Amino acid sequence: METQGKVITCRAAVAWGAGEALVMEDVKVDPPQRLEVRLRILFTSICHTDLSAWKGENEAQQAYPRILGHEAAGIVESVGEGVEDMKPGDHVLPIFTGECGDCRVCKRDGANLCERFRVDPMKKVMVGDGKTRFFTSKDNKPIYHFLNTSTFSEYTVIDSACVVKVDPQFPLEKMSLLSCGVSTGVGAAWNVADIQPGSTVAIFGLGAVGLAVAEGARARGASKIIGIDVNPDKFPLGREAGISEFINPKECDKTVHERVMEITEGGGVEYSFECAGRIEALREAFLSTNSGVGMTVLLGVHASPQLLPIHPMELFQGRSITASVFGGFKPKTQLPLLFTQCLQGQLNLDLFISHQLPFSDINKAMQLLHQGKALRCLLRL
C-alpha cells in the first residue's frame with residue numbers, strides 16, 4: 001500500500017476531558033514499529049468500559065487527550081518489523097488483552113492475562129518504546145492510547161500480540177462483537193463457570209455482556225436462566241437469548257436473592273453472574289447461589305475503591321466467587337474456534353446489534369448507551 005511507512009492523517013474521536021463530548025478531528029498516526037500493526041478500522045462499537053473511561057469514573061486512569069474504543073474490526077494496513085503471523089489486507093480483530101505466547105501465563109492452560117500485553121487501563125503508550133503513535137494534526141501534541149487498541153479512529157497502531165486474524169468469509173461487522181462483549185460473556189459461561197447441562201443460572205445486569213452469558217448458558221443446555229435488571233425494556237431480548245424468568249428489583253417486595261430462592265424452590269442457582277458493576281448486585285448474586293456448589297462470576301466493571309461485600313466465613317458455606325477477563329479466552333489461540341462456532345450458528349450475534357450509525361455520530365451512540373437505550377451501537381467507519 002502507498003501509505004506503508006508513512007504518517008497517515010485520518011479522522012478520530014478524541015476525548016479531551018472527563019464527560020466532555022468527543023471531538024471529531026484530524027489526527028496523525030505513525031507507522032507501526034517493531035512487532036506492531038497499523039489497522040484501518042472498519043467497524044467499532046461502544047461498551048460500558050468505554051463509557052466509564054469517558055465519564056472519568058476512575059480518576060487514577062484519566063489521561064487526556066486520548067482515543068478511546070476497544071471493540072472493533074478492521075483490515076491490516078501495514079506491519080512492523082518482526083510481524084510474521086499477518087500481512088497487509090488481512091481481516092483482523094483488535095483485542096484489548098493480548099497473548100505473547102511465550103510468558104508463563106500464556107503457556108499455562110486456563111490463564112489468559114499475558115504478563116506483557118494484559119489489559120491495563122493505566123497504560124497509555126506503546127510497549128515497545130513507551131511513546132504514542134497518535135498526534136494532533138495542528139500542533140503535533142501526543143494523544144494517548146487506550147486498552148491496547150484505541151479504535152475510535154480510522155487508523156490505529158496496536159501491538160501484534162493484541163491482533164487476531166479473522167477468516168475473510170466471516171462478516172466483520174458481526175465479528176467485531178467478539179473483540180470484547182460477546183466473548184467476555186460467552187467465555188465466562190463456557191470457560192470460567194463451565195456451565196453443565198441441566199444447571200440453573202442467574203444473571204445480574206442484562207446489557208451485552210449479560211445477554212452473552214445467557215447465550216452461552218443456553219448453548220450449554222442450562223435448564224433455567226433467570227435475568228435480573230431494573231430496566232424491563234431489556235426483557236424481550238433476554239427472552240430471545242434463552243432467559244425464562246425475570247426479576248426487576250424495583251418491582252420486587254423481597255430481596256433479589258430471596259426471589260431467586262423461590263424460583264429455584266429453595267435451592268438457589270448453581271451459577272450466578274454479576275454484570276452490572278454494582279456492589280449491591282454482587283452481594284445478591286453471591287447469596288442467590290446454592291449453598292454447597294454455588295459459583296459467582298464477577299464481570300461488571302466497578303468504580304474504585306470498592307471492597308467485596310462478603311465475610312470470609314461465608315466462603316465456608318460451599319459458595320465460591322471468581323472474576324473473569326475476556327471470558328478466560330486466550331485471544332490468538334482460542335478465538336478462531338469461537339469464530340467458527342458463531343458461523344455455525346451456535347451463537348446469535350444479530351441479537352446484540354441494536355443500532356447502526358456512521359462514525360460521525362459517535363456522541364449520539366455514547367448517549368444511547370448511557371441512557372440504557374442501546375445494547376451495541378455499531379459505528380461504520
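The residues lining the largest cavity divide into 2 nonpolar, 2 polar and 3 charged, where Ala, Val, Leu, Ile, Met, Phe, Trp, Tyr, Cys and Pro count as nonpolar, Asp, Glu, Lys and Arg as charged, and the others, Gly among them, as polar. This is a predicted model, in which local features need pLDDT of at least 70 and side-chain atom pairs count only at pLDDT 80 or more, while totals for chains, interfaces and linings use all residues. Residues are numbered from 1 along each chain as its sequence is written, and side-chain values use heavy atoms, with hydrogens and water left out.

The lining is made up of Lys 123, Lys 124, Val 125, Met 126, His 145, Asn 148 and Asp 159; a cavity is a set of points, on a 1 Å grid over the protein atoms alone, where a 1.4 Å probe fits but cannot get out, and lining residues have an atom within 4 Å of a point.

Turning to the sheet, 4 strands form an open sheet in the order 1-2-6-7, with antiparallel pairing; strands are DSSP runs of E with at least two residues, and helices runs of H or I with at least four, numbered from the N terminus, and two strands pair if DSSP finds at least two bridges between them. Strand 1 (8-14) and strand 7 (142-143) stand at the edges, each with a single partner strand, so one side of each has no neighbour in the sheet. Strand 6 (residues 134-136) is joined to strand 7 by 2 bridges, and Phe 134 stands opposite Ile 143 in strand 7.

Just after helix 1, Gly 56 takes a positive phi of about 75 degrees.

Terms used:
On a 1 Å grid over the protein atoms alone, a cavity is a set of points where a 1.4 Å probe fits but cannot get out, and a pocket is an open set with protein on both sides within 12 Å along at least five of seven lines; lining residues have an atom within 4 Å of a point.
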